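Colleague: Could you walk me through this one while I have it open on my screen?
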Amino acid sequence: MAIMASSSEKLLTGLVAATFTPLTEEGEINIKEIGPYVDYLTERQGVTKIFVNGTTGESMSLTVAERKLLAEEWCKKAKGKMDHVVVHVGCMSLKDSQDLALHATQIKADSIAVISPSFFKPNNAHALRTYLKAVASAAPDLPFYYYHIPSITGVNVLVRDLLVGIEEQIPSFRGVKFSAIDLMDFGLCFSLMKPNWSLLYGVDEQMLSGLVLGADGAVGSTYNYVGCQFNKLLSAFEKGELVEARTIQFKLQDFLGSAMKLGFDVGVNKQLMVEVSGLSLGPPRLPVMPCHPDVAASIKQKYKSIFPQC
Ligand SMILES: CC(=O)N[C@@H]([C@@H](O)[C@H](O)[C@H](O)CO)[C@@H](O)CC(=O)C(=O)O
């Protein structure tokens, strides 16, 4: 039997920033930057929900010990300032994921999310569901989200197939972070939806399309620095002001279209965040390459011209 959400558990909705991991110039975790980062998101971007140690946070390049340190500090600094901290605990090893899931319970994270392993890949919905159940069993009291990002994992199991009967297998299941462009698969998930689930869309440049289909919110990297604009998009959409919502969506498409021509990746994205926020986030970790200063300057110029108010 599926357990119902407790009365204190709120549905995860709205804008969620997938955070970058602050590193020193030498490549070590820069824990002291997390407090200012939380303040930047809440005060300057109006973003009060975060998804930590995900793709943008380069989780797969971090050790389990580093991920625990980061998760703990994000939860500590977010307390009383933010509404929700999702800790991503996906790893290549089930044991590492279970260890991180248990740790997330101990540090009082609000929820956990899990990406599919991508070296040995589950090759059907049953295998993926069985794997997710094993991770969730290490943190049965934490709301659990599946993180679907097939462009990176290469795991193309349709989410609508995964969702069939999942609440029986994983009582803590609360939804999906859907970072893919297959809007038919996303749309078909809604027929399987339960009242205590959230379906969050994860392709920022197409967020409005996700909302039209029924997304409860969105998780993404660009909400770190266009959060203030995307909160406006969300409220325009809620009020039925589609022209306004489209105008904001088109601005991000214009920006990302140019950035992608220059090789937009996590390294470039991180450098843009450094320049826009003034935070000391350091370089990415290899194999992600640091952003060339000329590329950073040109992308920042474009950003400033499109989003002068952010
Ligand atoms: C592939 C990728 O990194 N996708 C990003 C998007 O926010 C993406 O950066 C954005 O849509 C620009 O393409 C997120 O879905 C990833 C994310 O939320 C995370 O960091 O876990």
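Colleague: Let's start with L41: is it buried or exposed?

Modeller: L41 is buried, with a relative accessible area of 0%, where buried means under 20%, exposed over 50% and partly exposed in between, using a 1.4 Å probe and protein chains only. Before we go on, please keep in mind that this is a predicted model, in which local features need pLDDT of at least 70 and side-chain atom pairs count only at pLDDT 80 or more, while totals for chains, interfaces and linings use all residues. Residues are numbered from 1 along each chain as its sequence is written, and side-chain values use heavy atoms, with hydrogens and water left out.

Colleague: Where does L41 sit, and what does it touch?

Modeller: L41 is in helix α1, residues 34-45; helices (H or I, at least four residues) and strands (E, at least two) are DSSP runs, numbered from the N terminus. Leaving aside neighbours within four places in sequence, L41 is in contact (heavy atoms within 4.5 Å) with A17, T19, G46, V47, I50, M82, Y223 and N224.

Colleague: Switching to helix packing, how do α3 and α4 cross?

Modeller: The axes of α3 (residues 94-106) and α4 (residues 125-136) come within 8 Å and cross at roughly 40°. Axes here are lines fitted to C-alpha atoms, for helices over the stretch in contact, and angles run from 0 to 180 degrees between N-to-C directions.

Colleague: What about H148, buried or exposed?

Modeller: H148 is found in strand β5, residues 144-148, and is buried, with a relative accessible area of 3%. The side chain of H148 makes a polar contact with the side chain of Y146 at 3.3 Å; such a contact is a pair of N or O atoms within 3.5 Å, and within protein one must be able to donate a hydrogen and the other to accept it, with residues adjacent in sequence counting only if both atoms are side-chain atoms. Not counting residues up to four places away in sequence, H148 also touches several others, including V155, F178 and D185.

Colleague: How many disulfides are there?

Modeller: The structure holds zero disulfides, a disulfide being a pair of cysteine sulfur atoms within 2.5 Å. C75 is in no disulfide, and the nearest cysteine sulfur, that of C91, is 16 Å away; C75 counts as buried at 9% relative accessibility.

Colleague: Last topic, the backbone: which peptide bond is cis, with omega near 15°?

Modeller: That is the bond from L286 to P287, and P287 is found in the loop between α12 (266-277) and α13 (293-306). For phi, N53 has a value near 60°, which is positive in a residue other than glycine, and N53 lies in the loop between β2 (49-52) and α2 (64-78). E58 lies in the loop between β2 and α2, with a positive phi of about 55° although E58 is not a glycine.
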